[in-house]
Amino acid sequence: MNVNLEYYKIFYYVTKCGSFTAAAEELCISQPAVSQAIKLLENVLGNSLYIRTQKGVKLTPEGEVLFSYISRGYETIMLGESKFKKMLDLENGEIRIGASDMTLQFYLLKFLEEFHMKHPKIKVTVTNGPTPETLEYLYEGKIDFGVVSVPFQAKPEVNIKEVQPIKDVFVGGKRFKDLRDKELEYKDLEQLPIICLEKNTSTRAYIDDYLKDNGVVLEPEFELATSDIIVQFTLRNFGIGSVVRSFAEKYIDSGELFELKFKKEIPNRNFCIITSDKNPISTAAKELLGMLI
């Protein structure tokens, strides 16, 4: 049965309003147009929908059954429209972000705080994981965008925007104080107990690749899951910690840790925003991205 959906809309309003005239006013169309639509709908369905009364119209038993379904469907559509408009007006919706501990702590968090103050009704979900995992979430459409650190390799549909430089350093505690004022070669690291991240991170990959280019291969004493833990191990003199400087900065400033000096500095790398051409971006996500980039 092929029925013009506009007829069902008019049927809904006639029933809710209780008369053809009131429905016409609600819909901003003429009363004859309403009458014609209901007549056509009754012809298609093969039965009368209303009993005319002095006060307006009343549904037939068959009309009541039909209206019970039409009302649910039409009201669901109106609810969907309302939700859609609220999302456009940043009154509703959700943003899904992928980020590592490092990018969340030293870049993303301050922007999330500002965004939440402006749009408290927008739900923000952050999926925490290393860069390779965040890329997979983006490919699978599980996040709207990611905040990651280089190096990484991405598929052609991924858009990459560098947003903030970061600096990798080696730090030591009191046990290694004799190294504080020395200018070292990277080869010297091979003779020291090294504490670094596990291999499934972009930070570890960057340091390993850079040292390999300089003829150095490390055999770490400890491989840990987070940079915060590396800093704690280094403070307790388990070895020399390999971290992004931001994690150790307050301890360097207080003198509890010091930054090892080398004849050649490790080049800076960057935090990046990644989006995918295959994933549509909501209005709320666009608003937050505008703050980040």
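Val150 touches Ser202, Arg269, Asn270 and Cys272, where residues up to four places away in sequence are not counted and contact means heavy atoms within 4.5 Å. The model is a predicted one, in which local features need pLDDT of at least 70 and side-chain atom pairs count only at pLDDT 80 or more, while totals for chains, interfaces and linings use all residues. Residues are numbered from 1 along each chain as its sequence is written, and side-chain values use heavy atoms, with hydrogens and water left out.

**Surroundings of Val150**

- Val150 lies in the loop between strand E5 (145–149) and strand E6 (158–166), where strands (E, at least two residues) and helices (H or I, at least four) are DSSP runs numbered from the N terminus.
- From C-alpha to C-alpha, Val150 and Asn270 are 6.0 Å apart in space, although 120 residues apart in sequence.

**The open sheet**

- Five strands in the order E4-E3-E5-E14-E6 form an open sheet with mixed pairing, two strands being paired if DSSP finds at least two bridges between them.
- Strand E4 (123–128) and E6 are the edge strands, each of which pairs on one side only.
- Neighbouring strands of this sheet are turned by 20° against each other on average, with direction ignored.
- Strand E3 (residues 94–99) and E4 run parallel and are joined by 6 bridges, and Gly98 stands opposite Thr127 in E4.

**Helix H5 and its packing**

- H5 lies across E3, E4, E5, E6 and strand E14 (269–276), and runs at about 160° to E3; such angles run from 0 to 180 degrees between N-to-C directions, with axes fitted to C-alpha atoms, for helices over the stretch in contact.
- Helix H5 (residues 101–118) packs against helix H10 (residues 283–292) at an angle of about 130°, with the axes 10 Å apart.
- That angle makes H5 oblique to H10, since under 35 degrees counts as roughly parallel, over 145 as roughly antiparallel, 65 to 115 as roughly perpendicular and the rest as oblique.
- The contact is made by residues including Tyr107, Phe111 and Phe115 of H5 and Leu288 and Met291 of H10.
- The residues of this contact divide into 9 nonpolar, no polar and 3 charged, where Ala, Val, Leu, Ile, Met, Phe, Trp, Tyr, Cys and Pro count as nonpolar, Asp, Glu, Lys and Arg as charged, and the others, Gly among them, as polar.

**The E1–E2 hairpin**

- Strand E1 (residues 50–53) and strand E2 (residues 56–59) pair in the antiparallel sense over 4 bridges, forming a hairpin with 2 residues between them.
- Within this pairing, Thr53 stands opposite Gly56 in E2.
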